[in-house]
Amino acid sequence: MTTLAITPMARPWRQPSVIPGFGLTFGFAMVYLSLIVLIPIALLILRTTQLSWQEYWAIATSERVVAALRLSFGAAVIAAAVNTVFGTIIAWILVRYEFPGKRLLDAIVDLPFALPTAVAGITLTAIFAKNGWVGQFLEPLGIKVAYSALGVVIALIFIGLPFVVRTLQPVILELERETEEAAATLGASRPQTIFRIVLPTLVPAMLTGFVLALARGVGEYGSVVFIAGNLPYRTEIAPLLIVIRLTEFDYNGATAIATIMLAIAFVMFLTINLIQAWARRRFGYV
Amino acid sequence: MTALAQFRRDTDYTETKISLVAPFVDERLRVKTMNVTVENLVKAFGLVPALHGVSLEIASGELIALVGPSGSGKTTLLRLIAGLDFPNSGRVLFGNDDASAKSVQDRNVGFVFQNYALFRHMSVFENIAFGLRVRDSGRRPSEAAIAERVMTLLELVQLNGLEKRFPGQLSGGQRQRVAFARALAIEPGVLLLDEPFGALDAKVRKELRRWLREIHDRTGHTTVFVTHDQEEALELADRVVVMSQGRIEQVGTADDIFDNPATPFVFDFIGDSSALPVVIDKGSVSLDDRILSIDANGHADGPATLFFRPNHVHLAGQESGAIVGTVRGSRRRGDIRRLELEVGLARRLCEIDLPADAEVPKTGRIAVKPAKWRLFPRTA
């Protein structure tokens, strides 16, 4: 009797399916993931183990590293937040309204994807420098963009924008018009409809866009090094500090900073994923 | 309760049974109803005309159905009454007030959408309370009053105990009833329903139909509903508005529509019918040059269409003036047998109902006579 009960339980995940090929695709995915992602990361962590805990802790808490990490993550969070707001508005007008030049604007959104990041960094620096197109107007106001933390944020906003727009567009397209009409017949004003009905339905997608923009911002190097000025303790980002350590042949120092970044990013993304999973369970959609 | 049992309870999609009680007027839900007047509404979407000058009087407290095929303009008319679309010309009056200048928010109409359009991120309670919560502070009821009203409505739609659920955890029929309660929460002057049972299966539909009639009797709202299901319209409504191609073909009770169809379209659309091309000449009606024993009833000479219903036909003997056709098919339907006859040179198919025990050849030619019929002049 026990054997009867156990036999079908032996491989509980192998259900007969009309969509075959699980074994093949799963195997391929695992090999691929191992080669591209897991093995490099494992080597990175392995390398860090050459350091003792005291050495590791000393690197992790050194003033320069802490400042760089704070700038990297802080600027990435601010930029992703700004992108979430403006990216949502841009996605909204691209989906909901017809206007001349719409296709062009739609295409421009993708430019930060395609443009080499160094080109973006140099261009932004030129515009926001003291004597640049925009910088000359900000300078008298006491706002310094180029060679400051603000410049880092602006570079990250630039490169993160498409992630939010492209995440939200299909979701806005799927919104049921009737839901907004229902709110209107119930007496809700347009702002009430936007803030109580539309935005709450978009929150999960906005969160996804935020995560993508954040991930991109944390790892960004090319555009930031041109606009930041790279002053240690002030405008030096963590990826740059890793490169500096490498050029000093301090491989252990570089990997230590890398693993700290990895750990912080992992915890952040896991938290956001859990929030999304909770929302999905609760509302039955993402 | 174990987590699993809780989960099963929360995701129980089976329909809750709707019990029907004798209608009584519920004073808590009784509202001041109003009559609705539609005057010459014209609406076109771009170059595509949707309504050609439609006028309609809806009495206070009436339950009226707009019925017609897809594209007949019935939903457009409903949306214009609600203020969800704007007419090119014409007016909508609520009572004596011209509603044309009022926004949809100010019209105070309860609108139920075909796909329910519930707010997915809100619980059933919050969905129903929404219309009260968005009022400006002067008109907004207290939290306790809102809760009381929501609970009264949940009782009315028989969803007590489900107020904490989210729309994703409800069955189709339950969602429809939440949408209904949500629309009633704002004490609307007029209730507008767009294909309210369109997305439900036949059994639930039938149940909800009776339930809607009962709710209407209890609350007394002036109610307009759109449907493509003529059976639903005839069974439920005080009066039926038959629409086709952006025009009203006929307005009347089920009896009017069935017994005195105003136009060929109504005869064809409502109920089963057959149509034969005939010619009227000096008061006699002929089909392919054979004179039928049918009275022209003062219709003018010229081409016409003869309409009759399958159940108004009986077998004729050898006498002249009958409609003669070849039996092409025979199906048993309950107590009757429905035959398909191929009639005339044009080989038009007619349907006739005969008693199941009638002696009819499986194939071959038979003669029939309609007991009731209608003639409509045929243009071109």
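A: Let's start with a term: buried area is the accessible area, found with a 1.4 Å probe, that two parts lose on being put together, summed over both. Residues are numbered from 1 along each chain as its sequence is written, while chains are lettered from A and ligands numbered from 1 in the order in which they are written. This is a predicted model, in which local features need pLDDT of at least 70, side-chain atom pairs count only at pLDDT 80 or more, and totals for chains, interfaces and linings use all residues, with side-chain values taken from heavy atoms, leaving out hydrogens and water.

Now to the interface. Chain B and chain A bury about 2100 Å² between them, and carbon and sulfur atoms give 63% of that area. Three residues, Gln105(B), Arg120(B) and His121(B), supply 29% of what chain B buries against chain A, more than any other three residues. Counting contacts (heavy atoms within 4.5 Å), 22 residues of chain B touch 21 residues of chain A.

Which parts of chain B form its side of the interface? Helices (H or I, at least four residues) and strands (E, at least two) are DSSP runs, numbered from the N terminus. Two or more residues come from each of helix 3 (104–107), strand 6 (109–112), helix 4 (124–133) and helix 6 of chain B. Helix 4 of chain B gives the largest share, three residues. Sorted by kind, this side of chain B has 14 nonpolar, four polar and four charged residues. Here Ala, Val, Leu, Ile, Met, Phe, Trp, Tyr, Cys and Pro count as nonpolar, Asp, Glu, Lys and Arg as charged, and the others, Gly among them, as polar.

Buried means under 20% relative accessible area, exposed over 50%, and partly exposed in between (1.4 Å probe, protein chains only). Glu181(A) is one of the buried residues of helix 10 of chain A, as are Thr179(A) and Glu180(A), among others. Helix 10 spans residues 177–185 and is mostly covered, with seven of its nine residues buried. After helix 10 of chain A comes Gly187(A), with a positive phi near 100°.

Helix 6 runs over residues 172–185 and holds Arg177(B), which is buried at 0% relative accessible area. A polar atom of the Arg177(B) side chain lies 3.4 Å from the backbone oxygen of Gln158(B). Glu126(B) and Arg133(B) are joined by a salt bridge of 2.8 Å, N to O. Of this pair, Glu126(B) is partly exposed at 27%, whereas Arg133(B) is buried at 17%.

Finally, a glance at the surroundings. Over all chains, the whole structure has 33 salt bridges. One of the others joins Arg213(B) and Asp217(B), 3.4 Å from N to O; both lie in helix 7 (residues 202–219) of chain B, four residues apart, about one turn of the helix. A nonpolar core is a set of buried Ala, Val, Leu, Ile, Met, Phe, Trp, Tyr and Cys residues joined through side-chain atoms within 4.5 Å. The largest such core has 58 residues, and Val152(A), Leu156(A), Leu168(A) and Ile172(A) have the most contacts inside it. Helix 4 of chain A gives the most to this core, 13 residues. Beyond its neighbours within four places in sequence, Val152(A) touches Leu71(A), Ala75(A), Val224(A), Ile227(A), Ala228(A) and Ile237(A). A second, separate core has 47 residues, including Leu162(B), Phe180(B), Phe225(B) and Val240(B).

How values were computed
A polar contact is a pair of N or O atoms within 3.5 Å; within protein, one must be able to donate a hydrogen and the other to accept it, and residues adjacent in sequence count only if both atoms are side-chain atoms. A salt bridge is a side-chain nitrogen of Lys or Arg within 4 Å of a carboxyl oxygen of Asp or Glu.
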